Amino acid sequence: MTTTSNTNDESLRQEVKAWLAENWTQDISKELLNEQIYWEVSAARKNWLKKVVEARWAVPSWPEEWHGRAIANEQASIIEREFAKVRAPGAGQDRNNLWANTLLAQGQQGLKEKLIGPLLRSEVNMCLLYSEPGAGSDLAGIRTRADKQGDHYLVNGQKVWTSGAATAEYGMLVARTNWDVPKHQGISFFFCPMKQSGIEVRPLKQITNESHFNEVFITDATVPAENILGAPGMGWQVLNMALAYERSSMGEGARGPRSGVKQTNKEEPLINLAREASRLDEPHLRQQIAQAIAYKKLNALNTARAKADLSQGTSSSIMSLGKLAMSRILHEEGRLRTEILGAESLLEGADHPRAEDANFLSLNAYFTSIGGGTDQVQRNIIGERVLGLPKEPEVDKTIAFRDVRTS
Ligand SMILES: Cc1cc2nc3c(=O)[nH]c(=O)nc-3n(C[C@H](O)[C@H](O)[C@H](O)COP(=O)(O)OP(=O)(O)OC[C@H]3O[C@@H](n4cnc5c(N)ncnc54)[C@H](O)[C@@H]3O)c2cc1C
């Protein structure tokens, strides 16, 4: 396999185009574009991702040692654009694969060798073991503990709202390893094996009637010492990098409709819906639809800017702007769908797919306003780090965590 670190933009574009023409066949594209994916990754998708990784299109800006081509970010985005043109998945993972990027940046050699490839090929399921019953927005207040015992850590505590925990093989875990230093300094970050007797997963019911997130009870679970990312006690820094990747993907978009009914044209969904409901001529709706679409396009540009920052190694605060904007956009789209449908929006179920989708998307908008940090917390970050406003007072920031008072 030859790599293209010395090729120019045009020859790279031709190379990726030719590869897609040969490999992104009608059969494969039809199958992958028609499947409904959320938590489960189909065998067909895994096969496709394997090809993309082998051809070194998945993470082209990464070093060759890690399935990359060691090319500049600008060239990597040429590849992503060609994949996007034909709607082929798998490219751009050097920017949007939260797990693999965090592991590559902070993991130890052995763990990287074991998991980077499987993560890029979506062969390993992951979850985020961050939030706890007493620590959500104030994540640095976590009380799950990890105590070093020889070649492993013994972990005890409870996590909550853990999306995908039931199917995950590993969880990115934050746990306290030092109680004698202030709260941000005693946290470590791990890849925690989920399939072990010390981990019990209990599903929670969501507003959308689904159960993707869970409570996770951790009792004497073991994590090999080599599964720590970053140095012991430096987990807060690793976490911030991982959160920025998460916010960037949440700022980019969200789950689509649930009814399974596919739109057959390429129109903006809101325009399509208004046309179907014979309401596209109504000026007040046209104005609202135009505004919603404009916000979406503007946010896509903002997210691209933030991702460029992230690829330079900074955990961009602009991600918070994108995530907050996407949260508002999704709520507005849900509201607008409901307004376009009028009384029909009161219906639900398979016989009324347009109403089903409007209701589901309205409820699911809360996913983006809470998961990955609430809208209010994003506003705090923007206020402090983008606008330079004074920080919120934090009375427990400088005292040893074991002396922090709890209710
Ligand atoms: C769909 C979904 C999926 C999720 N998936 C995961 C997951 O996979 N893994 C995981 O670890 N967690 C996950 N979460 C949890 C999520 O990260 C937390 O719910 C979130 O961080 C808020 O924490 P909390 O629920 O404890 O609320 P709290 O922190 O208790 O906040 C309660 C309210 O107070 C407000 N508030 C809190 N602090 C401030 C402040 N300083 N300034 C202003 N307002 C404030 C909040 O905005 C909120 O409105 C998920 C949540 C959702 C909804």
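# Reading a predicted model, feature by feature

Q: What share of the 407 residues in the protein is buried?

A: Buried residues make up 38% of the 407 residues. Keep in mind that this is a predicted model. Burial is read by counting neighbours: a residue is buried if 20 or more other C-beta atoms lie within 10 Å of its own, and exposed if 12 or fewer do.

Q: How many helices and strands does the protein have?

A: There are 13 helices and eight strands. Next, look at the overall dimensions. Along the principal axes, the C-alpha atoms fill a box of roughly 65 × 55 × 45 Å.

Q: What do the contacts say about sequence separation?

A: Take the contacts with a separation of 6 or more. Residues 24 or more positions apart account for 68% of them.

Q: How is the protein divided into domains?

A: Domain 1 covers 9–96, domain 2 covers 126–233 and domain 3 covers 253–386. The C-alpha centres of domain 1 and domain 2 lie 32 Å apart.

Q: Which domains each give at least three residues to the shell around the ligand?

A: Domain 2 and domain 3 do. In total, 20 residues surround the ligand. The closest are Tyr130, Gly136, Ser137, Gly371 and Thr374.

Q: What is the make-up of the shell by class?

A: The shell has eight nonpolar, eleven polar and one charged residues.

Q: How should I read a helix such as H11?

A: Start with the span. Helix H11 runs over residues 318–341, which is 24 residues. H11 reaches 35 Å from its first C-alpha to its last, close to the 34 Å expected at 1.5 Å a residue. Then check what follows. Just after H11, Gly342 takes a positive phi of about 60°.

Q: Is H11 mostly covered or mostly open?

A: Mostly covered: 18 of its 24 residues are buried. Ile329 lies in H11. Ile329 has 21 other C-beta atoms within 10 Å, so Ile329 is buried.

Q: What does Ile329 touch?

A: Set aside residues up to four places away in sequence. Ile329 then touches Ala292, Tyr295, Lys296 and Asn299. Take Lys296: Ile329 and Lys296 are 33 residues apart in sequence, but 6.8 Å apart in space, C-alpha to C-alpha.

Q: Which residues other than glycine have a positive phi?

A: Two cases are His67, with phi near 70°, and Trp161, with phi near 65°. His67 lies in the loop between helix H3 (43–54) and helix H4 (73–85). Trp161 lies in strand S3.

Q: Why do His67 and Trp161 count as buried?

A: Apply the count again. His67 has 24 C-beta neighbours inside 10 Å, so His67 counts as buried. Trp161 has 20, so Trp161 counts as buried too.

Q: Is Leu139 buried or exposed?

A: Buried, because Leu139 has 20 C-beta neighbours inside 10 Å. Leu139 lies in the loop between S1 and strand S2 (145–149). The C-alpha atoms of Leu139 and Ile78 are separated by 37 Å. Those two are 61 residues apart along the chain.

Q: Why does Gln376 count as exposed?

A: Gln376 has 11 C-beta neighbours inside 10 Å, so Gln376 counts as exposed. Gln376 is in helix H13. Gln376 and His352 are 24 residues apart along the chain, and their C-alpha atoms are separated by 35 Å.

Q: Where does Gly233 lie, and what is it in contact with?

A: Gly233 lies in the loop between strand S8 (228–229) and helix H8 (235–252). Leave aside neighbours within four places in sequence. Gly233 is then in contact with Thr177, Asn178, Gln185, Gly186 and Ser188. Gly233 counts as partly exposed because it has 16 C-beta neighbours inside 10 Å. The C-alpha atoms of Gly233 and Glu82, 151 residues apart along the chain, are separated by 42 Å.

Technical notes:
Residues are numbered from 1 along each chain as its sequence is written. This is a predicted model: local features need pLDDT of at least 70, side-chain atom pairs count only at pLDDT 80 or more; totals for chains, interfaces and linings use all residues. Helices (H or I, at least four residues) and strands (E, at least two) are DSSP runs, numbered from the N terminus. The expected span of a helix is 1.5 Å times one less than its number of residues. Two residues are in contact if their C-beta atoms, placed from the backbone, lie within 7 Å. A residue is near a molecule or strand if its C-beta atom, placed from the backbone, lies within 6 Å of it. Ala, Val, Leu, Ile, Met, Phe, Trp, Tyr, Cys and Pro count as nonpolar, Asp, Glu, Lys and Arg as charged, and the others, Gly among them, as polar. Domain bounds come from an automatic or database domain assignment.
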